[in-house]
Amino acid sequence: MSKINVLVPLAQGCEELEAVTIIDLLRRAGIKVTTAGLDDKAVKASRGVVLIPDTTLDAVMDTAFDMVVLPGGLPGADFLNADPRIHQLLQAAIANHKTVAAICAAPKVLADAGLLQHKKATSYPGVLNKMGLADTQYIDTPVVEDGQVITSRGPGTAMDFALTLIERLTDKITRDKVEAGLVRP
C-alpha cells in the first residue's frame, strides 16, 4: 500500500459519479484513499446510491493527509461547506504545503475557506461566478491547477480530474498506466 494518503470527505447528497471516480482511480494508482463521513451514517448520494464511508471525519481530524479532495453535488457541497471541520482541514493542508482539490459545486467550499484568493479555478457552470469572487480568475476548462489548488467542472470531467490528481501525487507514468487500463478514447 502506498505511503500517499488522501482524504475524500463524503456528505449526504454528494455526486456519486465524482466521489466513486475519484476513489476508484486513486486506488487503482496504489494511493491510500480514506473516505470519511461527516457523521457515522451511510451517505445517500444525489442519485440515491448509498456509500459507506471508511470512517468519520472526527476520527481523522488529526491524521496527516497528502491531499484533501472534495466531491461536488448538491446538497453535498453545501453540507461540506457548512462544516467548520472541512474548512479547518483544507486550511491546514494548505498551511502544511499539501494540495486541496474540489470538483463541481465543491470549489465554493475552497472559496469560502479563503483558498481561491488570487487563484485560477473552475467549477460547475455558474457556481463560482455567482459568488462574485473578484480575486479569483474563472477558467472554463475541465481541470485547473494553480499551485496547491486543483479544481474541476463536474461529473463529465471526473476522470480527467482524478487522473490529474494521480499525476500530482505520483508521476505521469502512473497516471498513464491507470489511464491505459480505462480504455479511454
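**Close-up views of a predicted model**

**View 1. Residues around the largest pocket.** The largest pocket, in this predicted model, is lined by Met61, Asp62, Thr63, Ala64, Phe65, Val68, Gln88, Leu89, Ala92, Ala93, Asn96 and Lys98. A pocket here is an open set of points, on a 1 Å grid over the protein atoms alone, where a 1.4 Å probe fits and which has protein on both sides within 12 Å along at least five of seven lines, and lining residues have an atom within 4 Å of a point. The space in this largest pocket is about 190 Å³, a volume being the space filled by probe spheres set on the points. Helix H4 (residues 84-95) gives the largest share of the lining, four residues; helices (H or I, at least four residues) and strands (E, at least two) are DSSP runs, numbered from the N terminus. By class, seven lining residues are nonpolar, three polar and two charged, where Ala, Val, Leu, Ile, Met, Phe, Trp, Tyr, Cys and Pro count as nonpolar, Asp, Glu, Lys and Arg as charged, and the others, Gly among them, as polar.

**View 2. The second largest pocket.** With a volume of about 150 Å³, the second largest pocket is lined by residues including Glu15, Arg47, Leu74, Cys104, Tyr124 and Pro155. Its lining divides into six nonpolar, two polar and two charged residues.

View 3. His97, a residue other than glycine, has a positive phi near 60°, and its place is in the loop between H4 and strand S7 (99-103).

**View 4. Helices H6 and H7.** Helix H6 (residues 158-169) packs against helix H7 (residues 172-182) at an angle of about 150°, with the axes 7 Å apart. That angle makes H6 roughly antiparallel to H7, a term used for angles over 145 degrees.

**Notes.** Residues are numbered from 1 along each chain as its sequence is written, and side-chain values use heavy atoms, with hydrogens and water left out. Local features need pLDDT of at least 70 and side-chain atom pairs count only at pLDDT 80 or more, whereas totals for chains, interfaces and linings use all residues.

Note on methods
Axes fitted to C-alpha atoms, helices over the stretch in contact; angles between N-to-C directions. Parallel < 35°, antiparallel > 145°, perpendicular 65-115°, else oblique.
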